[in-house]
Amino acid sequence: MQSVTRAATVQRTSLPKTVFVMAALWCASADFSAAAGTMRAMVVARGELVPQVIAVRDPEAGEVRIKVRAAGVNPADWKRAARGGADAYVPGWDVSGTVEAVGPGVAGYKPGDEVIAFFEGTGGYAQYAVVSTAFVARKPANATFEEAAGIPLVAITAWKALIDVADVQPGQRVLVHGGAGGVGSAAVQIAKHRGAYVVATASPRNNGFLRSIGADEIIDYNTVRFEDRVRDLDVVVNTVDNDTAARSLRVLKPDGILVNVAGTVEPESCAAARVRCATQSRNSGTPIDVLLSEVAKLVEAGKYDVHIDATVPLADAARAWDMNRTGHTRGKIVLVLED
């Protein structure tokens, strides 16, 4: 497991001067700690990722406050920041940690419980995070906090694509594009759990990894066009781009399903190929808390593995984004916070 450290760089924007004072203190001193009622967080402001001290929110009815131990890094984090916007926000889709406080009406969790949680793109890059229990599940007992933080977003995306949309059945043939990435590796394992024959596209360096998580066949996308290797597939999960989506229509059997996590294809092309083209939605199908609990059971049963490509301190989140932008992450990059 690689560890990356670097002094965080504060970009000068029009944020209030106090932000830069707090950020400089955080970067300069490992002993700096937020005052009572506040917490350290990474904030996106005018497209830049900067450290800031912000208020800690109390949980409301049906919510828990989590003391964050680790937070997953996803392409969605830096892609949203690149779109800009004037409003500052704390990024982050998935965290692991311990319940620190519960809101009114919460009966299923208590302070000290180890959990994983999913966020709608905001809230994870901080010492504390507040979320509805509808997006929380217990952390797998055999997973580290770093591994657990790599579960929520990618597992939800893969599950929704393969189970809620495609309803993969035993014996079906499934192709996963970008099989070694975060969503791709989750999709390989969930498809295998459903009893499918799984084909994955990847670079040769990831062959051993993909075999270890259940891929039956691997196609080197650098040297082979996948449409020259496979035919009559039941399901294709595309995590790559538009071109891959369009080419995937050629390898599906009639009435097969193309689920686009990334990339799109014109509906007319899908109709002409006699295949179903779909996208996964987090707002339908299996409830998030139930889904996360089911994946946690797979982890505990040794049927789902989270590969951590690198761990990076929270204050160095900008470096983690740079690493993730290369597109060569195997599994997940995770931000870690001190105990």
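This briefing walks through the disulfide and some of the salt bridges of the structure above. The model is predicted, so to speak of local features we need pLDDT of at least 70, and side-chain atom pairs count only at pLDDT 80 or more, while totals for chains, interfaces and linings use all residues. Residues are numbered from 1 along each chain as its sequence is written, and side-chain values use heavy atoms, with hydrogens and water left out.

**The disulfide**

- The structure holds one disulfide, a term that stands for a pair of cysteine sulfur atoms within 2.5 Å.
- C270 and C277 are its two partners, with an S to S distance of 2.0 Å.
- The link of C270 and C277 is left-handed, with -105° about the S-S bond.
- C270 is buried, at a relative accessible area of 4%, whereas C277 is partly exposed, at 28%.
- Here, buried means under 20% relative accessible area, exposed over 50%, and partly exposed in between (1.4 Å probe, protein chains only).

**Salt bridges between strands and loops**

- Searching the whole structure gives 19 salt bridges, each being a side-chain nitrogen of Lys or Arg within 4 Å of a carboxyl oxygen of Asp or Glu.
- One of them pairs R65 with E100, and their closest N and O atoms are 2.6 Å apart.
- Because R65 sits in strand β4 (residues 63–73) and E100 in strand β5 (residues 94–102), this pair ties together parts that are 35 residues apart in sequence.
- Strands (E, at least two residues) and helices (H or I, at least four) are DSSP runs, numbered from the N terminus.
- R65 counts as buried at 10% relative accessibility, while E100 is partly exposed at 33%.
- Another salt bridge joins R138 to D113, with 3.3 Å between the closest N and O atoms.
- This pair links distant parts of the chain, 25 residues apart: R138 belongs to strand β8 (residues 136–138) and D113 to the loop between β5 and β6 (114–118).
- R138 is partly exposed at 42% relative accessibility, and D113 is buried at 8%.

**A salt-bridge network**

- R250 forms a salt bridge with E227, the closest N and O atoms lying 3.3 Å apart.
- R250 is in the loop between α7 (242–248) and β13 (252–260), and E227 is in the loop between β11 (217–220) and β12 (233–238), so the pair ties together parts that are 23 residues apart in sequence.
- E227 is buried, with a relative accessible area of 4%.
- Through salt bridges that share partners, R225, E227, D243, R247 and R250 are joined into one network.
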